[in-house]
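Please look over the sequence and the structure below before reading on.

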Amino acid sequence: MPISINGSGTVTGVSVGGLPDGIVDTDMLADGAATGVKNGAGRVLQVVQGGSNAVSSASVNGGSLWESTGINVTITPSNSSNKILLIASVNLAVTGPQNNQGIILRKGGSTLTAANAAAAGSRMTLMSAETTATNDSVNTVNFNYLDTAGSSGSGIQYRCDLYNPSSITRTSYINRSIGDSDSAYFARCSSWIVAMEIKV
């Protein structure tokens, strides 16, 4: 078929591969027009961040969770098979004794058990744990995890809950130390969680 241009500027008669290499660049493609290899596996489709730079605290019963820490993020995957890469940095402290507490990663309100440690006797299986040694220290817990979305078209919330492994009620803190005196020796921090949708 001969190449022709009609009155509206439409070109006809061009076969697949008929244009010289390099003649179509990224600027000529409309958003979302690329498919297949051009939009292939491993591409980051979206990035969402949640968390807080505010201080907060809660009285947590022994063996219980603090579920409203404010360290959460909601992402709406475009495909249920895509991966969600989670990266978090949480700053926290807890009153004694033992000065230890754990983080449990929740997905849609349920514990994301695949992200936790393997079962080991009577030990509590956690995503991560921390120990605060002194009145003026703030500990940072960093973690990352690659999850499968499992659903698409609706928001999925990932949440960092704090677990009190003690037999007594203790106070947990986010983004501050136990003492939190107005002094350069005491720190205020921020805590964030990032979710990235990765195409598979």
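Cys 160 is buried, with a relative accessible area of 1%, where buried means under 20% relative accessible area, exposed means over 50%, and partly exposed lies in between, with a 1.4 Å probe and protein chains only. Cys 189, by contrast, is partly exposed, at a relative accessible area of 21%.

A disulfide is a covalent bond between the sulfur atoms of two cysteines, and here it is counted when a pair of cysteine sulfur atoms lies within 2.5 Å. The sulfur of Cys 160 has its closest cysteine sulfur in Cys 189, 15 Å away, which is too far for a bond. The structure accordingly holds zero disulfides.

## How the model is read

This is a predicted model, in which local features need pLDDT of at least 70 and side-chain atom pairs count only at pLDDT 80 or more, while totals for chains, interfaces and linings use all residues. Residues are numbered from 1 along each chain as its sequence is written, and side-chain values use heavy atoms, with hydrogens and water left out.

## Strands

The chain contains 14 strands and zero helices; both are DSSP runs numbered from the N terminus, with helices (H or I) needing at least four residues and strands (E) at least two.

Strand β8 (residues 100-107) runs antiparallel to β10, and four bridges join them, where pairing requires that DSSP finds at least two bridges between two strands. Within this pair, Gln 101 stands opposite Glu 130 in β10. In a regular strand the side chains alternate between the two faces of the sheet. Strand β10 (residues 128-131) has Ser 128 and Glu 130 on its covered face, whereas Ala 129 and Thr 131 are on the uncovered one.

## Loops at the surface

Gly 108 is found in the loop between β8 and β9 (110-111), and this glycine is exposed, with a relative accessible area of 59%. The C-alpha atoms of Gly 108 and Thr 74 are separated by 9.2 Å, although the two residues are 34 residues apart along the chain.

Val 24 lies in the loop between β2 (11-12) and β3 (44-52), and it counts as partly exposed at 43% relative accessibility.

## Overall form

The C-alpha trace of the chain spans about 85 × 45 × 25 Å along its principal axes. Of the 200 residues in the chain, 33% are buried.
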